[in-house]
Amino acid sequence: MTEQEILTKLTALCARAEYCSYEMRQKMRRWDVDPAVEEQVIAYLEKEKFIDDSRYARLFVKDRIQSNKWGRRKVEQALYLKQIPKSIIREALDAVDDEVYLSILRPLLKSKRRSIKAASEYEANGRLIRFAMGRGFTLDLIKKCLDHTDDYDTPDDGEED
């Protein structure tokens, strides 16, 4: 492929969805593009704002938290795997308030608590902690939610069985 064909394909992709520089490099490597051409194409895409790792990280964080219900650690790891610089990752994650994470985590724990069969509250909390940590939430946020277990145990309709 010529440099112009590569540019045409990649700009069309970037016009449809958000990509980071690492993803564009991976595509070009699969196409066996010469490393010098690869650098020129990346420079052009960045200069023309087709790719912007900072913008990508902000959108990625927002999407993974809202849609996939991931916590800070899991989002951080996913961005790290996409070779986004740590400073950009930190900036994107710091823009999200703890209340956003709590608003995601509370319903997750409430739903999970209903499905847990545990012999004791201690065992149930251990399972909830493991579940939430697997989703990437930090222990301090998990404990905040578990400290308010009264919210989970009260009947929604006010009736007692």
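Here are some notes on this predicted model, for someone meeting it for the first time.

1. Ground rules. Residues are numbered from 1 along each chain as its sequence is written. Because the model is predicted, local features need pLDDT of at least 70 and side-chain atom pairs count only at pLDDT 80 or more, while totals for chains, interfaces and linings use all residues; side-chain values use heavy atoms, with hydrogens and water left out.

2. Overall make-up. The protein has 10 helices and 0 strands, where helices (H or I, at least four residues) and strands (E, at least two) are DSSP runs numbered from the N terminus. Read from the N terminus, the order is simply α-α-α-α-α-α-α-α-α-α.

3. Overall shape. The C-alpha atoms fill a box of roughly 70 × 25 × 25 Å along the principal axes. The radius of gyration is 22 Å, whereas a compact globule of 161 residues would come in near 15 Å. That radius is taken over C-alpha atoms, and the globule rule is 2.2 Å times the number of residues to the power 0.38.

4. Surface and contacts. Of the 161 residues, 37% are buried (under 20% relative accessible area; exposed is over 50% and partly exposed in between, with a 1.4 Å probe and protein chains only). The accessible surface is about 10100 Å², and carbon and sulfur atoms account for 48% of that (Shrake-Rupley method, 1.4 Å probe; for residues, only the protein chains shown count as cover). Take contacts between residues at least 6 apart in sequence: 59% of them join residues at least 24 apart (contact means heavy atoms within 4.5 Å).

5. The largest core. This nonpolar core has 31 residues, and Val61, Val75, Leu79, Ile84, Leu105 and Phe137 touch the most other members. Such a core is a set of buried Ala, Val, Leu, Ile, Met, Phe, Trp, Tyr and Cys residues joined through side-chain atoms within 4.5 Å. At least two residues each come from H4, H5 (72–81), H6 (86–94), H7 (98–115), H8 (121–134) and H9 (139–146), with H7 giving the largest share, 6 residues. Leu105 has Ala132, Phe137, Leu141, Ile142 and Cys145 as contacts, leaving aside residues up to four places away in sequence.

6. Helix H2. Which residues of H2 (residues 21–30) are buried? They are Ser21, Glu23, Met24, Arg25, Lys27 and Met28. Their cover includes helix H1 (3–16), helix H3 (35–47) and helix H4 (53–66). Just after H2, Asp32 has a positive phi of about 55 degrees.

7. Arg25. This H2 residue touches Glu38, Glu39 and Ile42, not counting residues up to four places away in sequence. Its side chain also makes a polar contact of 2.6 Å with the side chain of Glu39. Here a polar contact is a pair of N or O atoms within 3.5 Å; within protein, one must be able to donate a hydrogen and the other to accept it, and residues adjacent in sequence count only if both atoms are side-chain atoms. Arg25 and Arg113 are 88 residues apart in sequence and 43 Å apart in space, C-alpha to C-alpha.

8. Glu48, in the loop between H3 and H4, is partly exposed, at 38% relative accessibility.
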